[in-house]
Amino acid sequence: MTREECCAKKSEALEQFCMEGDLLSCEKYGNGHINDTFLVRVMDKKAEKKYILQRMNGDVFKDPEKLMENIVLVTDHLRAMIEKRGGDPKRETLNPIRTKDGNCFYKDSLGSYWRVYTFITDAISLDQVRSPEDFYQSAVAFGRFSGQMAGFDAARLYETIPDFHNTPKRFEAFEKAVKEDICGRAKDVQKEIAFYTDHRETMSYCAKQLAEGKIPLRVTHNDTKLNNIMLDAVTGKGICVIDLDTVMPGLSIFDFGDSIRFGANTAVEDERDLSKVSLSLELFETYVKGYLEGCKGALTPEEIRLLPYGAKTMTLECGMRFLTDYLQGDTYFMVHREGHNLDRTRTQIRLVEDMEQKWDRMEQIVASCSK
Ligand code: ADP
Ligand code: GN1
Ligand code: MG
């Protein structure tokens, strides 16, 4: 069944959730690569209200019911912290809407799982930074998020995608995809395959530091792209971390690193003109400062030292995941054109190459910001 056919059940899903008012529209929304997201507008007592409806990706998330238990646990925890601080829980955390049966998800007649969140109003999410200030604000907010989750018992969380950032395991999956070559695409991407094969050792460095107990496992977000944060439309402040599907035990350096991979790139993730792709050292420095401030001294000296490695490893891992998906026929990440995953792979490779050129500067920036 195609995604479109699955999404045809959105009206059936909408009827199940407790949303007052008359439906005005329900349109595809956002640029996420995983779930099917819709903006729902309703008219309630002459006022327009908005919600986010999502069909959770059942291929990626094997147990959406357990995933939603995680989301409720995490958002309840965040809400309590926000209230204690005198913040606004309606805007500073996701708020799942219940179904008329009291559940936080609905399983439709085709077996897809749906959920609804209140829409975070007067806020924006970005696919590229407009100014260093945007990036700084996102860094503070992601850092703050990790601080808020520090008191949360990781054992309460179900692992929504096992080995999500286990880079050596990702390498094995990549090798298998190359060997099987089910679409016959490997012959055309030999250069890209060789790039990841040559970087195998580099990719296992952070995992090794964890295994040797040099850095701690924390409750992390694991998908810290710029468009997974809402910035206040007026003040530009980072107000809410969204896309909580992968909140699980993980590495702080990977949360840092994935933000750099996406946001400190001078081009978009799927840019075809590779001459536009590079690591902005200005944005890198901005993010280091914001993240350290948001974490409020919680990172160990070793975690801080390894921040550049987090950036490089996440860029390697993500590009390798795009290439794996390309080799397997584009079944994981949402694609919008022929060769989309390959374009994404190539930007990630170019970005790693640029990081390698700028490595000393990256280490110097981290050292001077942490003094
Ligand atoms: P995916 O897992 O596919 O990336 P996300 O949960 O990140 O899905 O949602 C996709 C996009 O929808 C986000 O980047 C953001 O722009 C928008 N979005 C998601 N949740 C909300 C919300 N509660 N309020 C406003 N916008 C939202
Ligand atoms: C996916 O869901 P989204 O679009 O925020 C992916 C991330 C990748 C990212 C690459 C659950 O993030 O791991 O880094 O695409 N999320 C999942 O853009 O696989
Ligand atoms: Mg997202």
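Helices (H or I, at least four residues) and strands (E, at least two) are DSSP runs, numbered from the N terminus. The model is predicted: local features need pLDDT of at least 70, side-chain atom pairs count only at pLDDT 80 or more, and totals for chains, interfaces and linings use all residues. Residues are numbered from 1 along each chain as its sequence is written, ligands are numbered from 1 and chains lettered from A in the order in which they are written, and side-chain values use heavy atoms, with hydrogens and water left out.

**View 1. The shell around ligand 2.** Helix H9 (252-263) and helix H12 (307-327) each contribute at least two residues to the shell around ligand 2, and H12 gives the most, with 3 residues. Of the 18 residues around this ligand, His-33, Lys-225, Glu-269, Arg-321 and Tyr-332 come nearest; a residue is near a molecule if one of its heavy atoms lies within 4 Å of it.

View 2. A polar contact is a pair of N or O atoms within 3.5 Å. Oxygen atoms of ligand 2 lie 2.6 Å from a side-chain N or O atom of Glu-269, 2.8 Å from a backbone N or O atom of His-33 and 3.0 Å from a polar side-chain atom of Asp-243. Taken alone, ligand 2 exposes 450 Å², of which the protein buries 98%; accessible areas come from the Shrake-Rupley method with a 1.4 Å probe.

**View 3. The magnesium site.** Asn-228 (OD1) and Asp-243 (OD) coordinate the magnesium ion (ligand 3) at 2.2 Å. Asn-228 lies in the loop between strand E7 (218-220) and strand E8 (229-232), and Asp-243 in the loop between strand E9 (238-241) and strand E10 (248-250), so the pair ties together parts that are 15 residues apart in sequence. Donors are N, O and S atoms within 2.8 Å of the metal (3.2 Å for Na, K and Ca); water is not among the atoms, so sites may look incomplete. Asn-228 is buried at 6% relative accessibility, whereas Asp-243 is partly exposed at 24% (buried is under 20%, exposed over 50%, partly exposed in between; 1.4 Å probe, protein chains only).

**View 4. The surroundings of ligand 1.** Among the 19 residues that surround ligand 1, Asn-35, Gln-54, Ile-120, Ser-125 and Asn-227 are the closest. Strand E3 (47-55) and strand E5 (113-118) each supply at least two residues of the shell. Oxygen atoms of ligand 1 lie 2.7 Å from a polar side-chain atom of Ser-125 and 2.9 Å from one of Gln-54, while a nitrogen atom of the ligand is 2.9 Å from a polar backbone atom of Ile-120. The protein covers 96% of the 550 Å² of accessible area that ligand 1 has on its own.

Terms used: A polar contact is a pair of N or O atoms within 3.5 Å; within protein, one must be able to donate a hydrogen and the other to accept it, and residues adjacent in sequence count only if both atoms are side-chain atoms.
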